[in-house]
Amino acid sequence: MVASAIQRALKLAKQKYRRGLLVEPFKRYPFGHQFFYLLSDPWNFSGSFETGRFERTASVIEEMFGKLDAIYELGCGEGHFTSYLTNISDRVIGCDVSARALERARAHAPGAEFCRVDLKKGYPRVFRLVETA
């Protein structure tokens, strides 16, 4: 019951955001974006559409840059795309504001490093590639 209520709230937020009615989609909900992480896969990133998109994007990055020393992924969320990045880079550092998302990211991409970061304070160093979805 709680999961279905969260799913409805997420669907409504996405619709309003796409129509420009909601600039900051998660400020209206308790605990902001953390509210949606009560669901197991709130953004449906494990679905076939998203996994195909992740594969294609990683392939394009590899074609353009070759194997990279390091990739800094801003807003890594639950680490779904991070797992693809670990195949094209020696080191991947995924950062997100959500502690719950980072817990899940560590399970999805055990070969990557993760940190909780507030981008308003900047990020630690210069990378050849900084990725954000």
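I began with helix α4, whose face turned away from the buried side carries the exposed residues Glu103 and Ala107. I took exposed as over 50% relative accessible area, buried as under 20% and partly exposed as in between, with a 1.4 Å probe and protein chains only.

I noted that this is a predicted model, in which local features need pLDDT of at least 70 and side-chain atom pairs count only at pLDDT 80 or more, whereas totals for chains, interfaces and linings use all residues. I number residues from 1 along each chain as its sequence is written, and side-chain values use heavy atoms, with hydrogens and water left out.

**Entry 1: overall layout**

I counted 4 helices and 4 strands in the protein chain. Both are DSSP runs numbered from the N terminus: helices are H or I with at least four residues, strands are E with at least two. From the N terminus on, I read the order as α-α-β-α-β-α-β-β. Of the 133 residues in the chain, 41% are buried. I looked up contacts (heavy atoms within 4.5 Å); among those with a separation of 6 or more, 52% come from residues 24 or more positions apart. The accessible surface of the chain is about 8,300 Å², and carbon and sulfur atoms hold 54% of that area. These areas come from the Shrake-Rupley method with a 1.4 Å probe; for residues, only the protein chains shown count as cover.

**Entry 2: strand β2 and its neighbours**

I found strand β2 (residues 89-96) largely enclosed by the rest of the structure, because 6 of its 8 residues are buried. Strand β1 (residues 68-74) runs parallel to β2 and is joined to it by 6 bridges. I counted strands as paired if DSSP finds at least two bridges between them. Ile71 has Val92 in β2 as its bridge partner. Between β1 and β2 the chain passes through helix α3 (residues 80-85), in a right-handed β-α-β crossover. Right-handed here means that, with the strands pointing away from the viewer, the path from the first strand over the helix to the second runs clockwise.

I then followed β2 to strand β3 (residues 113-116); the two run parallel and share 4 bridges. Gly94 has Phe114 in β3 as its bridge partner. The chain reaches β3 from β2 through helix α4 (residues 99-108), and I recorded this β-α-β crossover as right-handed too.

**Entry 3: the buried side of α4**

Which residues of α4 are buried? I listed Ala101, Leu102 and Ala105. They lie on the same side of α4, because they cover an arc of only 95 degrees around the axis. That arc is taken from the directions between the helix axis and the C-beta atoms. I noted β2 and β3 among what covers the buried residues of α4.

**Entry 4: cysteines**

I found 1 disulfide in the structure, a disulfide being a pair of cysteine sulfur atoms within 2.5 Å. Cys95 is joined to Cys115, S to S 2.3 Å. The link of Cys95 and Cys115 is right-handed, with 50 degrees about the S-S bond. Cys95 lies in β2 and Cys115 in β3, so the pair ties together parts that are 20 residues apart in sequence. Cys95 counts as buried at 0% relative accessibility, whereas Cys115 counts as partly exposed at 26%. Cys76 is in no disulfide; I found its nearest cysteine sulfur, that of Cys95, 6.6 Å away. Cys76 counts as buried at 7% relative accessibility.
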